[in-house]
Amino acid sequence: MARTSTPDDELAQARATRWWVRGRRVGSVERAGKFIDDVGFALLFPAPRPLGPSLWEAVAGEDAEPFADGMGENEQKVWGWKDELPRRGLAWYGAFIGGRGTLLSPTLLAALYPGDGELDDHERLELSPAAHELAAALALEPMSSASLRVLLGDKNKYQRAIGELQKNLLVTTAGVEEQGNGWPATLLTLTCEQFDVGGRADHREAAEQYLDTMLDATPAELARAFRWPTAKARDLLNELGPSMS
């Protein structure tokens with residue numbers, strides 16, 4: 001007896017198409033930029049939660065497991081593009097959705113960015129002293145992750161501070177800086193120095209992009225993705241209406 005498809009099956013199939021899992025693979029950084037521009041946001045690598053598109057699946061397909069055989073060709077592409085996409089202004093990158101590595105299109109970034117697009121945007125947000133210190137340093141010039149760790153003098157303190165700045169969309173990567181030995185260090189800069197942001201926050205537009213990408217979403221899912229109160233997410237989804245959900 002043939003298995004009858006369920007609404008969940010149909011949604012999964014529709015998402016696979018919407019998230020570029022089906023069809024031609026993403027094989028260049030330029031096409032990766034087009035992918036991010038189309039879906040609005042994507043995790044670097046897939047995760048069961050938070051649910052969403054991933055650059056890895058667009059590159060390697062839905063059945064490939066990242067790093068199953070070490071740092072292969074696809075892993076090198078995805079890992080390198082997380083720095084190259086922001087350097088070219090094609091996508092913002094940082095730990096955002098669920099605290100995981102996330103790429104945002106410039107359009108969605110502008111709709112979510114909390115500040116005025118000024119070097120001192122961090123001063124108007126409630127951040128730790130360490131996060132303010134890093135933001136102030138980056139207002140002077142882009143710096144490598146290695147240099148910023150030295151500035152704070154504590155690796156864990158640095159990780160917490162840079163995480164604060166990224167979840168508030170204040171900092172992004174901007175390429176890499178070669179080191180004497182080992183892997184190149186990620187170069188970090190203020191988001192407002194790398195992208196056209198500030199004074200254009202539009203959470204209704206952001207919610208619409210999320211729903212367009214996810215095809216179906218609950219208020220709790222939207223709230224978790226963009227760090228909004230659930231009541232706010234519910235109101236925005238209600239505004240968008242049943243035709244969008």
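Visitor: Is Phe67 buried, partly exposed or exposed?
Guide: In this predicted model, Phe67 is partly exposed, with a relative accessible area of 38%. Buried would require a value under 20%, and exposed a value over 50%.

Visitor: And where does Phe67 lie?
Guide: Phe67 belongs to the loop between α3 (55-60) and α4 (73-87). Its phi is positive, about 65°, although Phe67 is not a glycine.

Visitor: What about Leu169, which also is not a glycine: what is its phi?
Guide: Leu169 has a positive phi of about 65°. This residue is found in the loop between α8 and β5.

Visitor: Is Leu169 buried or exposed?
Guide: Leu169 counts as buried, at 2% relative accessibility.

Visitor: Moving to the sheet, in what order do the strands run?
Guide: The order is β4-β6-β5, in an open sheet of three strands with antiparallel pairing. β4 (143-144) and β5 (171-177) are at the edges and have a single partner strand each, so one side of each has no neighbour in the sheet.

Visitor: How many bridges join β5 and β6?
Guide: Five bridges link β5 to strand β6 (residues 185-190), in the antiparallel sense. Within this region, Val171 stands opposite Leu190 of β6.

Visitor: Which helix packs on that sheet?
Guide: Helix α6 (residues 129-138) does, and it touches β4, β5 and β6. The direction of α6 makes about 85° with that of β6.

Visitor: Now the helices. At what angle do α7 and α8 pack?
Guide: Helix α7 (residues 145-152) packs against helix α8 (residues 155-167) at about 115°, and their axes are 8 Å apart. Angles of 65 to 115 degrees count as roughly perpendicular, and α7 and α8 are therefore roughly perpendicular to each other. The crossing of α7 past α8 is right-handed.

Visitor: Which residues make the contact?
Guide: From α7 they are Ser145, Leu148, Arg149 and Leu152, and from α8 they are Lys155, Lys157, Tyr158 and Ala161. By type, the residues of this contact of α7 with α8 are four nonpolar, one polar and three charged.

Visitor: How far apart are the axes of α11 and α12?
Guide: The axes of helix α11 (residues 219-226) and helix α12 (residues 230-240) are 8 Å apart, and the packing angle is about 115°. α11 passes α12 in a crossing that is right-handed.

Visitor: What residues make that contact?
Guide: α11 contributes Pro219, Ala220, Leu222 and Ala223, while α12 contributes Thr230, Ala233, Arg234 and Leu237. The contact of α11 with α12 comprises six nonpolar residues, one polar and one charged.

Notes:
Residues numbered from 1 in each chain as written. Predicted model: local features only at pLDDT ≥ 70, side-chain atom pairs only at ≥ 80, totals over all residues. Heavy atoms only, no water. Axes fitted to C-alpha atoms, helices over the stretch in contact; angles between N-to-C directions. Helix = DSSP H or I, 4+ residues; strand = E, 2+ residues; numbered from the N terminus. Parallel < 35°, antiparallel > 145°, perpendicular 65-115°, else oblique. Left-handed = near helix turned anticlockwise from the far one by under 90°. Contact = heavy atoms within 4.5 Å. Nonpolar A, V, L, I, M, F, W, Y, C, P; charged D, E, K, R; others polar. Pairing = 2+ DSSP bridges. Buried < 20%, exposed > 50% of the residue type's maximum accessible area, 1.4 Å probe, protein only.
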